[in-house]
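Please keep the model in view while working through the numbered points.

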Amino acid sequence: AFQLTACCQRDAMTNYGAWDRKADALCREAEEEEKKETAASNQALGLAEGPKGPPTAQAEKELSDLGAHSKQRNDFIAWQQEREVTLTHTKESCPSQDGTVDLSEYKGKAIRLKGCRGVNYVVPCSGVLKLMMDSCSDVQLHLQGSLITSTLELYKCQQVEVTLDQPLGTLQVDECPEALLVRYAERDFFGKAYHQNSPGFAVAWGLAGGSACSQTIGREGSFQLMSCIAEGSLQTEAVRRGEMEFPLDLGVAKKQDQPEPEALPAAEERQKEAERQRLAGNEMFRASDFAQAAALYSLALEKAPEMASVWANRAQCWLKLGDHEKALADAKKCTEVEPTNPKGWFRQGMSLHAMKRYAEAIPLLLEAEKLEPSNKQIQDAIKMAQMKARNSAYAQSQ
């Protein structure tokens, strides 16, 4: 009886252990089922990675935006690289025997000339986006056409000469301690020149190839300067900056530093207003807005018809706009007001040349040459007019 009772007790104990194991298995199954239901619910609610508080959601949104901005930045850099070309030439590696490199094939691109030595560059036509010179020496650059952005930059250059046949809005010159000359075809083509630590920087104006004396405007030092034509003369001052470090215009004195203006006589007031309109016209001309420039020059001439340079400038606007008859009329008026103005004679000749009246253009161009005997642009125009006149006469004789 004792043995039977013991066996029953052992069976009872074994059954309890089996029930415990069964209970543990059921609990685990329930937990797994709950996890699956929770995961499915989170997936449906867009919370596959679990619930997120406002800070986490904001951080992930900012990270996503940053990724988009990075892509935009990379796309912009790639686009910019496609539109910019870097060129390096030396006297030994120059593709032409006379050391001249024609840059006309790079229309629509920004050109960076880097480390060039002993080379002459020519941009014969408009359409280049922008031009930069970096660490160049013993280089000549002739810009016959206009730059789309009207911007030229020079950095760490020496023994460099730049000739500009067209207006230039902004010139940047930095770290150029040795000789660097920028020659403008006309005084009114001078826009603004920002320069820093460039004591060798000088400018000159007059028609290309003329004999106008240069004027050094660069200075030594880490401060930035800006030069422009203000109140009828070339002025250089330290750059004053406003909000966001943007440079303010030169030549406008602070109001508190100025005395109350006195009333000007009527003639002097008209002259002052004419000068203001002339300068505004020059700004539009440098921006290649020739129609607006002509309108502003017209306002200046209403106030001061004796300003020969304005007649010449408006004639150039008409030439740019293709109105050769008006250009000829204005150029004639220029020489009537000031017979010694070479621009007036030159633009009369160029107006007639544009109208294919080559034989009539030659004597007028010769008058311009008398006033500017070393001007290569006039010399070339005379040769071209003579050749065209000969060809035209030959064609008529056949």
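Predicted model: local features only at pLDDT ≥ 70, side-chain atom pairs only at ≥ 80, totals over all residues.

1. Asp188 forms a salt bridge with Arg278, and their closest N and O atoms lie 2.7 Å apart. A salt bridge here is a side-chain nitrogen of Lys or Arg within 4 Å of a carboxyl oxygen of Asp or Glu. Asp188 lies in the loop between strand 10 (180-184) and strand 11 (190-196), while Arg278 belongs to helix 3 (residues 266-286), so the pair ties together parts that are 90 residues apart in sequence. Helices (H or I, at least four residues) and strands (E, at least two) are DSSP runs, numbered from the N terminus.

2. Residues are numbered from 1 along each chain as its sequence is written, and side-chain values use heavy atoms, with hydrogens and water left out.

3. The term buried means under 20% relative accessible area, exposed means over 50%, and partly exposed lies in between (1.4 Å probe, protein chains only).

4. How many salt bridges does a search of the whole structure find? The search finds 14. One of them joins Arg112 to Glu84, with the closest N and O atoms 3.1 Å apart. This pair links distant parts of the chain, since Arg112 is in strand 3 (residues 110-114) and Glu84 in strand 1, 28 residues apart. Arg112 counts as partly exposed at 25% relative accessibility, and Glu84 is partly exposed with a relative accessible area of 26%.

5. A salt bridge within a helix is also present. Glu273 pairs with Arg276, the closest N and O atoms being 2.8 Å apart. Because they are 3 residues apart in helix 3, Glu273 and Arg276 are separated by about one helical turn. Glu273 is partly exposed, with a relative accessible area of 22%, and Arg276 is partly exposed at 49%. Elsewhere, salt bridges that share partners join Glu186, Lys343 and Arg347 into one network. Side chains of opposite charge can pair when their charged atoms come close.

6. An open sheet of 8 strands has the order 1-3-5-7-9-11-14-15, with mixed pairing; two strands pair if DSSP finds at least two bridges between them. Strand 1 (84-87) and strand 15 (233-238) stand at the edges with a single partner strand each, so one side of each is left without a neighbour in the sheet. Neighbouring strands are turned by 15° against each other on average, direction ignored. For such angles, axes are lines fitted to C-alpha atoms, for helices over the stretch in contact, and angles run from 0 to 180 degrees between N-to-C directions.

7. Strand 9 may be followed through its pairings. Strand 7 (residues 151-155) and strand 9 (residues 168-174) run parallel and are joined by 5 bridges. Thr151 has Thr170 as its bridge partner in strand 9, and Glu153 has Gln172. Strand 9 is joined to strand 11 by 6 bridges, and these two run parallel. Gln172 stands opposite Tyr194 in strand 11.

8. Aromatic contacts complete the note. A search of the whole structure finds 4 aromatic pairs. Rings of Phe, Tyr and Trp (its six-membered ring) pair if their centres lie within 6.5 Å; planes under 30 degrees apart count as stacked, over 60 as edge-to-face and the rest as tilted. Phe190 and Trp205 form an edge-to-face pair, 5.8 Å centre to centre with 70° between the planes. Phe190 is in strand 11 and Trp205 in strand 12 (residues 201-205), 15 residues apart. Phe190 is buried at 2% relative accessibility, and Trp205 is buried with a relative accessible area of 18%. Tyr184, Phe190 and Trp205 form one aromatic cluster.

9. Phe285 and Phe290 form another edge-to-face pair, 5.1 Å centre to centre with 70° between the planes. Phe285 is buried, with a relative accessible area of 4%, and Phe290 is buried at 16%.
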